[in-house]
Every structure is written in C-alpha cells, then in structure tokens.
Amino acid sequence: MISEFMAWLQNSPLGHAMRESGVWTYAIVNLTHILGVATLFGAVLVLDLRLLGVWRRVTLAAIAEPAVPVATMGFFIAAASGVCLLATKATDYIGNPFLYIKFPAIGLGLLNVVVLNCLPAWKERKIRNLSQREQSQLAVAGGISLLCWLTAITAGRMIGYW
Amino acid sequence: MRLKFVLCFGITIVALTVSLSPVLAHHGWSGNSDKEFELSGTVESAVSLAGPHATMKVRSNGQIWDITLAPPPRTEAAGLKEGVIPVGAKVTIQGHRNLDPKKFEIKTERVIWNGHTYNVYPDRK
C-alpha cells in the first residue's frame, strides 16, 4: 500500500517537476520546508508553554490570538513543501523507519488540535476565567502537542540521515 | 518553577540530539567505509541531477550499484551534467562504499569516463 502510494507520488507530475526543473529546485523547496517548520514550531512552542503554565500574567487569549494563525500558516507551508520533497524520490523512503515515526506524530498532533478545539476551556478562553481543573486540561493538551511536534521534527530531520 | 521548566526543556532537546547522532549516515560519510573504493562497470542509468543528491547506477559483474554523487549544483559544477555520459558507457567510480555489505552503494568522489575525471568532491582526497 505504502509502496504503491510512493511509486504513484514519484511518477506524478509533481515528482517529475521536482526532478526536472533545475539543480537548485530541491534546495529551495527544502528551505521553504524549514521556514514552514520553524514558523509552525515557534508559534506552537509559545502557545504550549503558556498552556503548561508559563507566563501566567499574559492571558491565554492574548497569546493564542497571534500564535494560532502563525502556527496554521507554518503547518500549511511545511505540508505543501514536504509533499514536494517526498515526491522527488518517494520510493527511496519506503523502508525508512523515521518516516513511520514522523507521520503518526503529525497525525497525533493534528488530532490533539481537534480535541483542544472541542474543549469548553479552549472555546471559552476569551469570555471567562478558567477553573484550575480546566487549566490542567489545557496543560495536558499543551504537553501532548509539544511532544508530538518535537517527535515529528526530530524524526523528520533523521529521515535524511538513514 | 519557570526556570526549572525551561531548563528541563533545553536538556531534553540536547539529550535527544546527542542520543540520535550515531545514526548519521546519509548526510555525512560515517555510514561509509574509510577506505578508498574503486568500481569499474557500465552505466545502467544515467546521471540524475534531482535532489537531495545527484545519482546514477552502474552495473559491475551483474550487480547494480547505487552511485551517490554530490548535491545537484555541485555535481553539475564538476561538469557532470545529465546526458554527458551515455547509458552503457564504461566508467570507473572512486569513493567510499556503504558499510552495510548488503547495500551496494558508493558515496562517490570521482567519476572517470573516456579519459576525463569528474571530481564532484574536489576538496576530498
């Protein structure tokens, strides 16, 4: 299943374009990927540390306001450029163990975003003070998030060293 | 409390980095033998300048070898453009073979063809 998907991706017009559009293409797309990851993780780190209880004097709503859209933007830049990088030689990565750590970690990270968005504590952060229990709930989500994205980035970096 | 947290976070990242450093293979030369390795054969598939590393395949005694060249801009700068060496041409590869005996891969320093040496890593001996 994965082998077939990788072969399909590699033979897609995107794969051809990545391989046949000049010697600097991969490097530039790689740079874009790093900028996307940096944007995502920078924003996520600030938000997650606040969820974990650092900088309590700054309200969660005040930190979330810039952090959420910046993280979202970073994610889409990283995802789009990442698909391009993968498509270049997709079949080369079939047996790469780090790939099988990275993508589940991204999946969990996104699932955590969905769960966080369903929590009343998160939805009502702008309109009322949160109870101790709710703050702990958010701290757990922040901790899981940090773990997921750190794992995804670490495994992602290691793909190239396998 | 806050300082302790930040400190723990920093130590975790450093520990992760240190513990994972022995796996470095593709980007460095540590996954390949220290000894110089030479292989002669015929080009099975021509030079490709796709990232992250330029590649070609060489057949020698029935075995197909993966030839890892320098990154694309550097390989091209050494004169090794796509289509320069035709498929089926006799070439000699100099470099370092993969430490895994089951992997027929050479991190290549030089490709010699038709009396010409393409030195993709001129700063390496």
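This is a predicted model: local features need pLDDT of at least 70, side-chain atom pairs count only at pLDDT 80 or more; totals for chains, interfaces and linings use all residues.

**Entry 1**

I then checked the confidence of chain A, which averages a pLDDT of 96, with 100% of the residues scoring at least 70.

**Entry 2**

For chain B I noted 2 helices and 6 strands, in the order α-β-β-β-α-β-β-β from the N terminus on.

I also looked up burial. In chain A, buried residues make up 29% of the 162 residues; in chain B they make up 27% of the 125 residues.

Then came contacts. Taking those in chain A between residues at least 6 apart in sequence, I read that 84% join residues at least 24 apart. In chain B, residues 24 or more positions apart account for 50% of the contacts with a separation of 6 or more.

**Entry 3: helix α2 of chain A**

Which residues of α2(A) are buried? I found A:Gly15, A:Met18 and A:Arg19 in this helix, which covers residues 13-20. Looking down the axis, I saw that these buried residues fall within an arc of 90°, so they line one face of α2(A). A:Pro13 and A:Glu20 are exposed on the other side.

Next I asked what the buried residues of α2(A) pack against. The partners are α1 (2-11), α3 (25-51) and α4 (60-88) of chain A, together with β1 (37-48) of chain B. I also jotted down that A:Gly22, which follows α2(A), has a positive phi near 105°.

**Entry 4: helix α5 of chain A**

I checked the length of α5(A), residues 99-118. At 1.5 Å a residue its 20 residues should span 28 Å, and the end C-alpha atoms are 29 Å apart, which agrees.

The buried residues here are A:Lys102, A:Ala105, A:Ile106, A:Gly109, A:Asn112 and A:Leu116. They cover an arc of only 120° around the axis, which puts them on the same side of α5(A). On the other side I listed A:Gly107, A:Leu110, A:Leu111, A:Val114 and A:Cys118 as exposed. The cover over the buried residues of α5(A) includes α6 and α7 (132-159) of chain A.

**Entry 5: the nonpolar cores**

I went looking for the largest nonpolar core and found one of 25 residues. Those with the most contacts inside it are B:Val47, B:Met56, B:Val58, B:Ile67, B:Leu69 and B:Leu80. Which elements give two or more residues to this core? They are α3 and α4 of chain A, together with β1, β2 (55-60), β3 (63-68) and β5 (105-113) of chain B.

Apart from this core lies another, of 22 residues, among them A:Phe41, A:Val44, A:Leu47 and A:Ala155. A reminder to myself: in soluble globular proteins, nonpolar side chains tend to be buried together.

Leaving aside neighbours within four places in sequence, B:Leu69 is in contact with B:His53, B:Ala54, B:Thr55, B:Met56, B:Thr75, B:Leu80, B:Thr108 and B:Val120.

**Entry 6: strand pairing in chain B**

How do β2(B) and β3(B) run, parallel or antiparallel? They run antiparallel, joined by 6 bridges. I noted that B:Met56 stands opposite B:Ile67 in β3(B). The hairpin of these strands has 2 residues between them, and B:Asn61 takes a positive phi near 50° there.

On to the pairing of β3(B) with β5(B): these strands run parallel, with 3 bridges between them. B:Thr68 has B:Lys107 in β5(B) as its bridge partner.

**Entry 7: B:Arg97**

My last stop was B:Arg97, in strand β4 (residues 90-97) of chain B. Is B:Arg97 buried or exposed? B:Arg97 has 21 C-beta neighbours inside 10 Å and therefore counts as buried; the cut-off is 20 or more.

I looked up what surrounds this arginine. Setting aside neighbours within four places in sequence, B:Arg97 is in contact with B:Asn32, B:Ser33, B:Phe37, B:Glu105 and B:Ile106. Along the chain, B:Arg97 and B:Ser33 are 64 residues apart, and their C-alpha atoms are separated by 5.8 Å.

Conventions: Residues are numbered from 1 along each chain as its sequence is written. Chains are lettered from A and ligands numbered from 1 in the order in which they are written. A residue is buried if 20 or more other C-beta atoms lie within 10 Å of its own, exposed if 12 or fewer, and partly exposed in between; C-beta atoms are placed from the backbone. Helices (H or I, at least four residues) and strands (E, at least two) are DSSP runs, numbered from the N terminus. The arc is that of the directions from the helix axis to the C-beta atoms. Two residues are in contact if their C-beta atoms, placed from the backbone, lie within 7 Å. A nonpolar core is a set of buried Ala, Val, Leu, Ile, Met, Phe, Trp, Tyr and Cys residues joined through C-beta atoms within 7 Å. Two strands pair if DSSP finds at least two bridges between them. pLDDT is the predictor's confidence in each residue, from 0 to 100. The expected span of a helix is 1.5 Å times one less than its number of residues.
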